Amino acid sequence: MLYTTQMDAARRGIITKQMEHVATYEQMDVEILRDLVARGQVAIPANKNHHALTPYGIGNKLKTKINVNLGTSRDCLDLNVEMEKVMTAVHLGAESIMDLSSYGDTATFRKKLTAECPAIIGTVPIYDAVVYYNKPLKNITSDEWMNIVRMHAEDGVDFMTIHCGINRATAHSFKQTHRHTNIVSRGGSMIFAWMELTGCENPFYERYDELLEICAEYDVTLSLGDACRPGSIHDAGDISQIKELVTLGELTERAWAKNVQVIIEGPGHMPLNQIQANMEIQQTICKGAPFYVLGPLVTDVAPGYDHITAAIGGAIAATHGASFLCYVTPAEHLRLPTLEDVREGIIASKIAAHAADVAKGIPGATNWDYEMSEARRNLDWEKQFDLAIDPEKARRYREESTPEKEDTCTMCGKMCAMRNINKILRGEDVDIME
């Protein structure tokens with residue numbers, strides 16, 4: 001092969017089959033896409049060992065993509081149940097699945113994903129390390145942390161979240177700031193705890209060049225995790241978050257120097273009025289690298305509805321620079337998500353992503369809305385169902401509540417504005433009496 005990674009190929013002027021596929025999907029000239037990949041402003045996560053992959057590009061000038069977090073845990077060990085969630089997510093249009101398995105036969109599930117799932121597959125290797133080595137956190141060695149990364153790369157994982165930015169200096173700063181909700185990142189808390197227990201530097205920061213060698217070998221996209229993401233709107237934009245972001249900016253340039261693709265992870269919880277500025281700061285510090293946000297959740301008081309608080313924040317974030325939204329389900333902060341929770345979370349995230357694409361002027365984004373509006377004008381219910389972001393729910397709501405053969409919605413009845421204006425324009429009489 002004449003190149004190591006998608007970024008390496010792009011810099012050599014080589015257009016890969018993955019770039020061709022992404023350019024067609026995005027309605028973009030492939031040379032423009034190649035240049036964006038070469039500059040690190042678009043990532044195409046595509047591990048050489050993920051043969052079932054349908055590649056997608058992640059970047060601000062492309063359609064906003066969504067990620068769905070799933071995986072086994074002590075409370076949910078059924079691989080078949082998790083695979084059903086995975087396939088539901090793919091069916092509903094999720095471009096990425098992140099395997100956050102932290103219990104049970106994690107290797108089998110991970111390999112099944114990369115063997116069968118066409119979506120981009122991501123993992124957080126340090127979760128798996130605790131399962132794989134089955135010993136106290138403080139006894140896991142620096143070598144063992146690195147070995148688990150290589151294992152995931154060999155298994156075909158397309159991107160990995162690695163919490164490289166929380167080094168000893170960042171950890172010291174965190175301890176001085178007295179944060180309201182401390183560290184809420186699971187991976188970040190594990191690395192912080194390991195450093196505190198051992199007195200050692202974060203191995204992923206200390207051995208960053210070695211980490212990049214593994215990523216380059218398999219073309220794994222490095223998702224630089226935000227260990228200090230705010231876990232409440234009170235902590236949004238604080239010193240810990242920004243200090244880590246500066247470190248991630250430095251690590252981004254080091255990765256690009258080795259032709260390793262990078263995604264930057266972001267908040268978290270953040271009030272509406274801070275989101276735009278936060279996206280612009282990230283774009284500046286990290287030189288336009290794709291930004292991957294969890295939400296952000298714009299208020300802390302909506303347990304049971306956090307898919308909505310996240311969708312509000314996600315739409316604003318993606319409008320102003322984020323390119324990858326991690327879904328949030330109604331179960332966030334409360335329990336493990338059910339299949340229905342997964343569905344609700346995906347739909348909310350897809351609404352946010354599409355709303356942002358319309359605002360950003362992504363090619364073809366408004367065509368979908370135009371077709372839906374035309375179907376509504378024509379009272380073409382089947383077309384409306386086909387175009388709906390959740391066709392099954394739209395059809396069910398219609399069929400459950402509307403009299404048979406009624407051509408209007410139940411609220412308006414014969415006063416339906418669409419139907420009556422259509423009749424007037426055709427020169428027909430209008431009778432609005434029930």
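User: What relative accessible area does R395 have?
Analyst: The model is predicted, so local features need pLDDT of at least 70 and side-chain atom pairs count only at pLDDT 80 or more, while totals for chains, interfaces and linings use all residues. Residues are numbered from 1 along each chain as its sequence is written, and side-chain values use heavy atoms, with hydrogens and water left out. Buried means under 20% relative accessible area, exposed over 50%, and partly exposed in between (1.4 Å probe, protein chains only). R395 counts as partly exposed because its relative accessible area is 27%.

User: How far apart in space are R396 and V358?
Analyst: R396 lies in helix 18 (residues 391-401); helices (H or I, at least four residues) and strands (E, at least two) are DSSP runs, numbered from the N terminus. R396 is partly exposed, at 39% relative accessible area. In sequence, R396 and V358 are 38 residues apart. From C-alpha to C-alpha, their separation in space is 27 Å.

User: Is D341 buried or exposed?
Analyst: D341 and R335 join their side chains in a salt bridge, with N to O at 2.6 Å. R335 is exposed, with a relative accessible area of 52%. For D341 the relative accessibility is 8%, so this residue counts as buried.

User: How many salt bridges does the whole structure hold?
Analyst: One network of salt bridges links R110, D128 and D155. Another salt bridge joins K135 and E144, with the closest N and O atoms 2.9 Å apart. A search of the whole structure gives a total of 25.

User: Over the ring of which residue does the charged end of K135 sit?
Analyst: K135 is partly exposed, at 28% relative accessibility, whereas its salt-bridge partner E144 is buried at 17%. A charge sits over a ring if NZ of Lys or CZ of Arg is within 6 Å of the ring centre and within 35 degrees of the ring normal. The charged end of K135 is placed 6.0 Å from the ring centre of Y133.

User: At what distance from the ring centre of Y127 does R186 lie?
Analyst: R186 is positioned over the face of Y127. The distance from R186 to the ring centre is 3.9 Å.

User: What kind of aromatic pair do Y25 and Y56 form?
Analyst: Rings of Phe, Tyr and Trp (its six-membered ring) pair if their centres lie within 6.5 Å; planes under 30 degrees apart count as stacked, over 60 as edge-to-face and the rest as tilted. The structure contains 8 such pairs. With ring centres 5.3 Å apart and planes at 80 degrees, Y25 and Y56 are therefore edge-to-face.

User: How many residues apart in sequence are the parts tied together by Y25 and Y56?
Analyst: Y25 is partly exposed, at 31% relative accessibility, while Y56 is buried, at 17% relative accessible area. Y25 lies in helix 2 (residues 17-26) and Y56 in the loop between strand 1 (42-43) and strand 2 (58-59), so the separation in sequence is 31 residues.

User: Which helix contains F192?
Analyst: The rings of F174 and F192 have centres 5.3 Å apart and planes at 85 degrees, so they form an edge-to-face pair. F174, in helix 8 (residues 168-177), and F192 tie together parts that are 18 residues apart in sequence, because F192 lies in helix 9 (residues 186-198). F174 is buried at 9% relative accessible area, and F192 is likewise buried at 15%. The element that holds F192 is helix 9.

User: How far apart are the end C-alpha atoms of helix 12?
Analyst: The buried residues of helix 12 include L245, L248, L251 and W256. The expected span of a helix is 1.5 Å times one less than its number of residues. Helix 12 (residues 239-257) has 19 residues, so it should span 27 Å, which agrees with the distance in the model of 28 Å.

User: Which residue just after helix 12 takes a positive phi?
Analyst: The phi value in question is about 65 degrees. The residue that takes this angle is N259.

Technical notes:
A salt bridge is a side-chain nitrogen of Lys or Arg within 4 Å of a carboxyl oxygen of Asp or Glu.
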